[in-house]
Amino acid sequence: MLDFTSALYLGFRHPSVSLPPWEQLTTGVPAALAEPPAAKEAAAALARLQGCERGTLAVSTLHLFFDLFPLLAGPAAAIHVDAGAYPIARWGVERAQARGVSAHTFPRGDADALERALRVTGRGRRPIVVCDGWRPGFGPPPLAAYCSLARRFGGLLVVDDTQALGILGERLGPAAPFGHGGGGSLRHHGIRAGEDVVVVASLAKGFGVPVAVLSGGAGLVGRFERRSATRVHCSPPSAAMVQAAQRALALNERVGESRRARLAELVQRFRARAAAAGFRAHGGLFPVQTVATGEQASALFDRLARRAIRAVLHDGSGTRDARLSFLITARHRPEEIDAAVSALGAPHARVAVR
């Protein structure tokens, strides 16, 4: 079966034999009391990669967002959430709302709408702007504009960079259409990090490790570590997670550029083949490519399944909202890309993606 459902975009895998042995998987001591040196080293390396001063690890982005928004948002704050933000960040916002913090959503990718909202609610309230660095199917928000607005109104920007970490980087060019380094959205947009920018990201996509990092200014990250409830009441990342994160960073330095270049070539091949077959692939150069919506998406999903090809059917809230996507990784072969597009059918199945 051909599988186009994995978000391990760079194809990094971490079999147990590739990791150093550990004497115990977890210490039984919460992170608030003690962290192994390896966890601090991995967090520091990730923060440097992203262009931030300091980082701290957690088991998941849910753990980080659970504590982050109550920490940032007091009674004098107002949270402004891009409508395209991923649900996990929203769950953290909802926790802050339950404590009386004002929050509202503005249209996806609309910096003008955000500015209007800041002019109304920003007076007397510290704004916290929340968005994804990249949302599959929609692309990046105007991140530099969001950051500028947050700073102008005396607030800060919170970015969920799970999709972009490991893929996007700086110094884009013909040989590096994703950019160099894989540091994520801040690097990609040339945003100077500081105490007014916070990045939360899981390594489970580009780097293939189910662990998360919060990165930002040294003062803010230190404050988070001192006041985080999950660092007291939940287990810290295990030895396996930390060692896999370190291995992913080493792989990124050694083969990251070649993996990103290969990934870009495969995505471009998919888009070209899809266009030749009569389909419009939506998603730009990002490795999540949507080829159909609505009822056609469901029909094509069934057609692919009969041909032993797995793709992703996003159900949405109803049949009209369904989307069919292919997730492409650096481990796919060109002939697999061709076979997947061929299985979609004849040009008469063409669908215009919204």
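Predicted model: local features only at pLDDT ≥ 70, side-chain atom pairs only at ≥ 80, totals over all residues.
Me: How do I read empty space inside the structure?
Reply: Rolling a probe the size of a water molecule over the atoms shows where empty space is left. Here, the structure holds two cavities of 30 Å³ or more.

Me: What lines the second largest cavity?
Reply: Its lining consists of E35, P36, A39, P236, P237 and V242. By class, that is five nonpolar, no polar and one charged. The space in this second largest cavity is about 30 Å³.

Me: How much space lies in the largest cavity?
Reply: About 80 Å³. Around it sit A31, L57, A58, V59, H63, T230, R231, C234, S235, P236 and P237. Two elements, β2 and α8 (230-233), each give two or more residues to this lining. Its classes are seven nonpolar, three polar and one charged.

Me: Now the sheet. In what order do the strands run?
Reply: Follow β2-β8-β7-β6-β5-β3-β4. These seven strands form an open sheet with mixed pairing. From one strand to the next, the twist averages 20°.

Me: In which sense do β5 and β6 pair?
Reply: Parallel, over five bridges. Strand β5 covers residues 126-132, and strand β6 covers 156-160. For a landmark, take D132: its bridge partner in β6 is D160.

Me: Which strands does helix α3 touch?
Reply: Helix α3 (residues 87-98) packs on the sheet against β3 (77-82), β4 and β5. Its direction makes about 155° with that of β3. Helix α7 (residues 218-227) also packs on the sheet, touching β2, β6, β7 (197-202) and β8 (212-216). The direction of α7 makes about 30° with that of β2.

Me: And how do I read a pair of helices?
Reply: Two packed helices are described by the angle between their axes and the distance between the axes. Take α2 (residues 61-72) and α3: their axes come within 8 Å and cross at roughly 35°. The crossing is right-handed.

Me: Which residues make the contact of α2 with α3?
Reply: From α2, T61, L62, F65, F66, D67, F69 and P70. From α3, I88, A89, W91, G92, V93, R95 and A96. By class, the contact has ten nonpolar, two polar and two charged residues.

Definitions and conventions: Residues numbered from 1 in each chain as written. Heavy atoms only, no water. Pairing = 2+ DSSP bridges. Helix = DSSP H or I, 4+ residues; strand = E, 2+ residues; numbered from the N terminus. Axes fitted to C-alpha atoms, helices over the stretch in contact; angles between N-to-C directions. Contact = heavy atoms within 4.5 Å. 1 Å grid on protein atoms, 1.4 Å probe; cavity = no way out; pocket = protein on both sides within 12 Å on 5 of 7 lines; lining within 4 Å. Points joined across faces, edges and corners; volume = space filled by probe spheres on them. Nonpolar A, V, L, I, M, F, W, Y, C, P; charged D, E, K, R; others polar. Left-handed = near helix turned anticlockwise from the far one by under 90°.
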